[in-house]
Amino acid sequence: METMEKQTEEKALADTEAEDSREVRVKEMSEEGQGAGARTYMPAVDLLETDQEVTLIVDVPGVNDNGVSLAIEKNILSLSAIPAVCEIPNKRLAYSEYGVGEYKRSFALSEEVDREHVTASLKDGVLKVVLPKMAPVTKKISLTTA
């Protein structure tokens, strides 16, 4: 009996530690328009680069096209994504391991990014943002003799 109680206590401790770890990655929002306890998550991002472009691959599960907002202001690309609410009629949520909240992430852009031709697409909860690079400009400087 003692062994079973000890295992139960150890499992509860492990569950608490896992939840604490998850909470470290989540910050409480205090922005206007968000209710108390609303959460913001930092989505996982892969960054791919070629000579012609930089591509961001962003995981935003549960988000549809209407829930994505992308903006470039000065040198910062900001993304925000809100998952669609999934409710099943005549059912209530009894238990959940998946927290729902807004995804937010910002990226500093280099001067070589062509801000006028940035494109984005969303498929199956994966946002793809393509940041084309501007063609390098070479200016020949002539010397004058004094």
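**Strand pairing, core and selected residues in a predicted model**

A81 has Y103 in strand 7 as its bridge partner. The structure is a predicted model, in which local features need pLDDT of at least 70 and side-chain atom pairs count only at pLDDT 80 or more, while totals for chains, interfaces and linings use all residues. Residues are numbered from 1 along each chain as its sequence is written, and side-chain values use heavy atoms, with hydrogens and water left out.

The protein contains 1 helix and 9 strands; helices (H or I, at least four residues) and strands (E, at least two) are DSSP runs numbered from the N terminus. Along the sequence the pattern is α-β-β-β-β-β-β-β-β-β. Of the 146 residues, 22% count as buried, where buried means under 20% relative accessible area, exposed over 50% and partly exposed in between (1.4 Å probe, protein chains only). The accessible surface comes to about 11,800 Å², and carbon and sulfur atoms account for 53% of it; these areas come from the Shrake-Rupley method with a 1.4 Å probe, and for residues only the protein chains shown count as cover. Among contacts (heavy atoms within 4.5 Å) with a separation of 6 or more, 51% join residues 24 or more positions apart.

Pairing of strands requires that DSSP finds at least two bridges between them. Strand 6 and strand 7 pair in the antiparallel sense over 6 bridges. Strand 5 and strand 6 also pair in the antiparallel sense, over 6 bridges, and E73 stands opposite I76 in strand 6. The hairpin formed by strand 5 and strand 6 has 2 residues between the strands. In contrast to these antiparallel pairings, strand 2 and strand 7 pair in the parallel sense, over 2 bridges. The bridge partner of T40 in strand 7 is E102.

A search of the whole structure finds 1 aromatic pair. The ring centres of Y41 and Y103 are 6.3 Å apart and the planes stand at 50°, so the pair is tilted. Under the criterion applied, rings of Phe, Tyr and Trp (its six-membered ring) pair if their centres lie within 6.5 Å, with planes under 30 degrees apart counted as stacked, over 60 as edge-to-face and the rest as tilted. The pair links distant parts of the chain, since Y41 belongs to strand 2 (residues 39–41) and Y103 to strand 7, 62 residues apart. Y41 counts as buried at 15% relative accessibility, and Y103 counts as buried at 8%.

The largest nonpolar core has 16 residues, and those with the most contacts inside it are L56, V60, L77 and L131. The elements giving two or more residues to this core are strand 4 (53–59), strand 6 (76–81), strand 7 (102–108) and strand 9 (126–132). A nonpolar core is defined as a set of buried Ala, Val, Leu, Ile, Met, Phe, Trp, Tyr and Cys residues joined through side-chain atoms within 4.5 Å. Leaving aside neighbours within four places in sequence, L56 is in contact with V45, D46, L47, L77, F107, L127, K128, V129 and L131.

E53, also in strand 4, is partly exposed, with a relative accessible area of 30%. The C-alpha atoms of E53 and L131 are separated by 5.5 Å, although the two residues are 78 apart along the chain. With neighbours within four places in sequence left aside, the contacts of E53 are L48, V130, L131, P132 and K133. K133 lies in the segment after strand 9 and is buried, with a relative accessible area of 16%. Residues up to four places away in sequence not being counted, K133 touches E49, T50, D51, Q52, E53, V54, E112, V113 and D114. A polar atom of the K133 side chain lies 2.9 Å from the backbone oxygen of T50.

Most residues other than glycine have a negative phi. K74, by contrast, has a positive phi near 55°. K74 is placed in the loop between strand 5 (68–73) and strand 6, and is exposed, with a relative accessible area of 73%. D124 likewise has a positive phi, near 55°. The place of D124 is in the loop between strand 8 (119–123) and strand 9, and D124 counts as exposed at 74% relative accessibility.

Technical notes
A polar contact is a pair of N or O atoms within 3.5 Å; within protein, one must be able to donate a hydrogen and the other to accept it, and residues adjacent in sequence count only if both atoms are side-chain atoms.
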